[in-house]
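Colleague: Before we discuss anything in detail, could we put the sequence and the model side by side and take the questions one at a time?

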Amino acid sequence: MSNNISHFDPYAPELADDPYPIYAALRACPGLARSEERGGFYIASRHSDVHEGLRRTDIFSVENNNVPPTYDPGGPPIPTNVDPPLHDAMRQPFARVFGPAHVAKMEGFDREAAARRLDELAERDSIEFVYDFAIPYVYEAFLAHFGAPLTDLPRFLEWEDRGFRFAATDIKARAYVTNVVRQEVREHMLGYIDARLASGERRDDVIDAIAHAEVESGRPFTREERGRAGEAIFRAGLHTTAAALSNAMVYLSSHLDQRDLLVKDPTLIPSAVEELIRFEPIAYPARTVTAAGEMCGQALVPGDIVLMLIGAAGRDDEQYDDPDAVDFTRLAANRHIAFGSGIHRCLGSHIARLELRVALEEIHKRIPTYRADPDRPPQRTLGQMRGTKELHLLLRESSLIRS
Amino acid sequence: MTEKVRIAVDKSRCDGHARCFALAPEVYPLDAEGYCALDDVLIDAALLEPAQRGAAACPEQAISVSVTSGPVGIGSMTERGLHLFELDELPWEHPAPRPGQDTRSHGAGVLEKWLVKPALDDPEEDRFPVSIIRFPPNLVFPRHWHTDGEMMLVLAGSASVGGEELPVGGLAYNDARTIYGAEAAGADGCDFLMIRRAWAKNNVMLTDEAVAEAVSSGITDSQDRLSPSVADRGLHILDRTAPFEPVGDGTDEQWLLGREAGDDRPLISVVRSPAGHAFPPYLDTEGRFTLVLEGSLVVDGAELPAGSMLYHDAGVTYGGESAGPSGCELLTVRRAPAKRTVSA
């Protein structure tokens, strides 16, 4: 097993279907596990260790949070890859517009978008859930919250097609996305922001928050900083939520008893959202050591990288009873860290929760007989994001089961 | 004795997971940014179960829930009688948010500790509000006026009122319907005791236009200067220069404010009592707040040192009170003149 672990590579295609056995082996390693793949990196995998690692800013930087290291040529995305002391000042301008009270106003729009798309899809016998629903739904919800015109949706979907959502799971895609696509996105986002500033118009949306962001009173974001924020918010808000929704549906479409629980009692859906993101959290951020120190008994020196394997933390039996089972009634026992912990905890978690809840509510109302297509199993992805590339669903009752 | 549930949230650990709110929204409100809006509060014992559920769900374990009971403090204010405030036990809270204001940054770090919190809309309510306010260092509160006057006594740090520095022990009174400010905390911040006759509304005046409009509707603008004497309306530092006068029961009283009946000010005086003086059993028609300034006060055999704060409800007969071995000086505040009935 130790050999297995020293060659643990989250990008290895053979792990994508079921990485959880090796996660269990990683949790059993004393201290921090070490892999020599991808230039070498440490792995935190127990809940308590991942939790600690995410909160520690004394030895860790987020400027690079990738394995292998990737630095954006346009400067660290804001606020995701900014360290203290600047971090708080660069995150605060977005706190309210991503806060629960503001986000709650989007529910009607999101529900209408989900219902409209699902009613169209319900005409069909089968769908590919990721591209037919998850991505366009999440993008539409994002554009509305962001304040961008919905007519720009095709432009965003084109970036998606050019590899955006594989940047976390495919190293080749990552280089192209980082160096080319992200720079285009940045310019496009700056187009919205520049136009808003030029118009003098004030609106209650993310564009407004970026356009008028100040690092401190009287020191507005520079144009370059506004571009870094716009691109980071775009990237953090789209394929993440689409992946979480797709992952949830991978599970539900092959566990029809659980699906039926949600059809019968939609009030379970909010806790089902929490449980399903505990079961398969999407993001596995890394941290780069910038000051010599120690974690879990392991001495760390500047340049070391530690992968925070949130997906393994979610299955830690020290933290959860029967962690490999999905139980919508876990409630208070579900202290998951799927959104991270500490100062970099997901800024958009309230949006993600809203989009996931609304989607699952409308799905279980409008296409309640969905199930996984046994002939076309889901295509899963790993890397630094647990995702789903394809999920084929049959929408009709058993009369349409193919032999 | 009433049991209460105390919830203390370690705000430095709260990351905004909002799991407490998801599991017990009736106990854990969120602020506009998604952080737990509670700090340190006492809530009804009936909410113990949801309070514990929400605390258990916190990934940061930032919430502690405990059951408290005791004869003192807010927890016992449902009962009528003599209340001795255990000041260290009373929680600091963020002042209640005002509409349109986000709670996390609300009040720029101002905290509030309630001693007496009267019911808002109860016509039978006869208590007056008493709280301790904590201003962070160098906080400047903008110009404003209140619908009711305000007594402030500096307990720690310093404040400036009407351009005058008010050190620990400094006592000020600002009349109702008078614009003043900025009142400011000193470099070490300021804790002050605040007493009003009734709940008041704050009206913050951010612009000169707002001030002009208020003045045209009959509000006085102090221009942040102290009034020449307490006979004038405005800002006053109560400097305790008035003579002590014999009350006739062996104690002396120094009037600081409001002795003239019928005005809108509270009655503030200092009662000086010689060593061992026993107060005969009495009943007042008004409630009374007391702060032991000097010496000590003995109540039912317990010696309450300087700094002790008490509230006597109206309509209750009190006995067994006497001055300590070195006598005492008691700052007393009432909202209106009281009629006292002394038993033999």
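Colleague: Is H312(B) buried or exposed?

Modeller: This is a predicted model, so the answer is a value computed from predicted coordinates. H312(B) lies in strand β24 of chain B, which spans residues 309-312. Since buried means under 20% relative accessible area, and H312(B) has a relative accessibility of 2%, the residue counts as buried.

Colleague: Which side chain makes a polar contact of 2.9 Å with the side chain of H312(B)?

Modeller: Leaving aside residues up to four places away in sequence, H312(B) touches G81(B), L82(B), Y282(B), G287(B), R288(B), T290(B), Y318(B) and E321(B). With the side chain of Y282(B), the side chain of H312(B) makes a polar contact of 3.4 Å. The polar contact of 2.9 Å is made with the side chain of E321(B).

Colleague: Turning to the interface, how much area do chain B and chain A bury between them?

Modeller: The size of an interface is often given as the accessible area lost when the parts come together. In terms of residues, 20 of chain B are in contact with 21 of chain A. Carbon and sulfur atoms account for 48% of the area that the two chains bury between them, the total being about 1600 Å².

Colleague: How many residue pairs are in polar contact across the interface of chain B and chain A, and how many charged residues are on the side of chain B that touches chain A?

Modeller: Counting pairs with both residues at pLDDT 80 or more, the rule finds 13 residue pairs in polar contact across the interface of chain B and chain A. On the side of chain B that touches chain A, helices α1 (19-23) and α2 (48-56) of chain B each supply at least two residues. The residues of that side divide into eight nonpolar and five polar, while the charged ones number seven.

Colleague: What is the relative accessible area of E184(A)?

Modeller: Among the 57 salt bridges over all chains is the one in which the side chains of R162(A) and E184(A) meet, at 2.9 Å from N to O. R162(A) is in the loop between α8 (153-161) and α9 (171-199) of chain A, and E184(A) is in helix α9 of chain A, 22 residues apart. R162(A) is partly exposed at 25%, and E184(A) is also partly exposed, with a relative accessible area of 27%.

Colleague: Why is one side of β1 and of β3 of chain A left without a neighbour in the sheet?

Modeller: In chain A, five strands form an open sheet of mixed pairing, in the order β1-β2-β10-β7-β3. β3(A) and β7(A) run antiparallel and are joined by two bridges, with F60(A) standing opposite V289(A) in β7(A). One side of β1 (33-35) and of β3 (60-61) has no neighbour in the sheet because each of these strands stands at an edge, with a single partner strand.

Colleague: What distance separates the C-alpha atoms of D58(A) and G293(A)?

Modeller: D58(A) is placed in the loop between α3 (47-55) and β3 of chain A, and its side chain is joined to that of R56(A) by a polar contact of 3.0 Å. Although D58(A) and G293(A) are 235 residues apart along the chain, their C-alpha atoms are separated by 8.5 Å.

Technical notes
Residues are numbered from 1 along each chain as its sequence is written. Chains are lettered from A and ligands numbered from 1 in the order in which they are written. This is a predicted model: local features need pLDDT of at least 70, side-chain atom pairs count only at pLDDT 80 or more; totals for chains, interfaces and linings use all residues. Side-chain values use heavy atoms; hydrogens and water are left out. Contact means heavy atoms within 4.5 Å. Buried area is the accessible area (1.4 Å probe) that two parts lose on being put together, summed over both. A polar contact is a pair of N or O atoms within 3.5 Å; within protein, one must be able to donate a hydrogen and the other to accept it, and residues adjacent in sequence count only if both atoms are side-chain atoms. Helices (H or I, at least four residues) and strands (E, at least two) are DSSP runs, numbered from the N terminus. Ala, Val, Leu, Ile, Met, Phe, Trp, Tyr, Cys and Pro count as nonpolar, Asp, Glu, Lys and Arg as charged, and the others, Gly among them, as polar. A salt bridge is a side-chain nitrogen of Lys or Arg within 4 Å of a carboxyl oxygen of Asp or Glu. Buried means under 20% relative accessible area, exposed over 50%, partly exposed in between (1.4 Å probe, protein chains only). Two strands pair if DSSP finds at least two bridges between them.
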